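My entries follow in the order in which I made them.

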Amino acid sequence: MKKTLCFTTPAYLRASLKQLEIEQPAAGTQPARKTSVSPEDIGVVILEHPQITITHVALALLLRHNVAVITCDDKFLPNGLLLPLVGHSLQSRRFQQQIEASLPLKKQMWQQTVKQKLHNQAQALKQQGIDATPLLRWIHEVRSGDPDNIEARAAAWYWPRLFQNTPLASRGDEDDADEFLRDRYGDWPNCLLNYGYAVLRAVIARALMAAGLLPALGIHHRNQYNPYCLADDIMEPYRPCVDALVCRLLHEHPTPPQPTADGNMLPPPIKRKLLVIPVLDVRMEKQLKPLQIAAQRTAASVAACFAGQERHLVYPGLA
């Protein structure tokens, strides 16, 4: 199983004897530490603290082993993703197949993606004891390419209900959960969702690269400034896995934590609980699999669809 490494304290990362060597200075009662990790065992590296130094050779070593490297901004939230240029022996051929994919095929792939997203959103609500009948009904109404934008209509219905049975609903004088708005720059627990989605995006993008696909060329997302359109497409059915995890975290942390002295809105103990996303159990092909393994299977099915070998994407359900 691939590891996720998150550096929340000062560190010096370098390559030594084909290993990632990590040096961490003494801090408070913690002594200085020096460890090494095989890059073959790493899936994602998150560089969060501003006092992190990583050598060019170390970056090259990580990318050679298809490790996704995430950088963070001054608010300690992910703002960058680094992936290898070459991830598969047949990459050029698969790029060409992806570029030449017909519009009807991409519309059918998006239809399947939206249907599975709605199905997983319904599962996330059911886990919270919330009736999801409208979502289950809308699944059957999604047409090729989703021209009726049912995905957005479902989201408008889904978000105000997701946190109804969490401690978020009992905060304040009014029902805060009913007023919850999904906003990238919004209040708690949006920061939990943002961080979780960033980790998820890295896992999906890494799987797509390993399958020889071009993350920038999507089947639905077409933002000219977005280098990960395909990753954003394919991660949609996986998002409810993060949503369900955030619901569980809200029960463990009923009130928003106070920012740390350096302005970090998500203290390390909470972030560590979000770093389990790559190894969350999901249900795929009648088996429980870690999310990162499921992502590899999904990416392989995407490549097979572009190659004309399959017509159906393989997505997981919530465990």
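**Pockets, cavity, helix pairs**

I began with the open spaces, and the largest pocket has a volume of about 1,400 Å³. I note here that the model is a predicted one.

I then asked which residues lie nearest the centre of the largest pocket. They are R182, R184, N194, Y195 and Y197, out of 48 residues that line the pocket. Next I looked up the elements behind this lining: β8 (78–82), α3 (103–127), α5, α6 and α8 give two or more residues each. I found that α6 supplies the largest share of the lining, with 8 residues. By class, I have the lining of the largest pocket down as 22 nonpolar, 12 polar and 14 charged residues.

I moved on to the second largest pocket, which holds about 500 Å³ of space. Its lining is made by 20 residues, and C6, T8, T9, Q24 and R33 are those nearest its centre. For this pocket, the elements with two or more lining residues are β1, β3 (19–24), β4 (33–37) and α9 (268–274). I sorted the lining of the second largest pocket by class and got 12 nonpolar, 5 polar and 3 charged residues.

The space in the largest cavity is about 70 Å³.

I listed its lining as K2, K3, T4, G43, V44, V203, R206, A207, P278, Q292, A295 and Q296. At least two of the lining residues come from each of β1 (3–7), β5 (42–47), α6 (190–210) and α10 (291–306). I noted that β1 also gives two or more residues to the lining of the second largest pocket, while α6 also contributes to the lining of the largest pocket.

I recorded the crossing of α5 and α8 as right-handed. On the α5 side I found Y158, W159 and L162, which meet P240, D243 and C247 in α8. The residues of this contact are 5 nonpolar, no polar and 1 charged.

The second pair was α6 with α8, and here the axes come within 10 Å and cross at roughly 140°. Are these two helices parallel or oblique to each other? I wrote down oblique, which follows from the angle, and therefore α6 and α8 are oblique to each other. The crossing of α6 and α8 is right-handed.

For the contact itself, I listed L192, L193, G196, Y197 and L200 in α6, meeting R239, V242, D243, V246, L249 and L250 in α8. I counted 8 nonpolar, 1 polar and 2 charged residues in this contact. D243 is in the list for α5 and again in the list for α6. Y197, one of the α6 residues that meet α8, is also among the residues nearest the centre of the largest pocket.

Note on methods:
Residues are numbered from 1 along each chain as its sequence is written. This is a predicted model: local features need pLDDT of at least 70, side-chain atom pairs count only at pLDDT 80 or more; totals for chains, interfaces and linings use all residues. Side-chain values use heavy atoms; hydrogens and water are left out. On a 1 Å grid over the protein atoms alone, a cavity is a set of points where a 1.4 Å probe fits but cannot get out, and a pocket is an open set with protein on both sides within 12 Å along at least five of seven lines; lining residues have an atom within 4 Å of a point. Grid points are joined across faces, edges and corners, and a volume is the space filled by probe spheres set on the points. Helices (H or I, at least four residues) and strands (E, at least two) are DSSP runs, numbered from the N terminus. A crossing is left-handed if the near helix is turned anticlockwise from the far one by less than a right angle, and right-handed if clockwise. Contact means heavy atoms within 4.5 Å. Ala, Val, Leu, Ile, Met, Phe, Trp, Tyr, Cys and Pro count as nonpolar, Asp, Glu, Lys and Arg as charged, and the others, Gly among them, as polar. Axes are lines fitted to C-alpha atoms, for helices over the stretch in contact, and angles run from 0 to 180 degrees between N-to-C directions. Angles under 35 degrees count as roughly parallel, over 145 as roughly antiparallel, 65 to 115 as roughly perpendicular and the rest as oblique.
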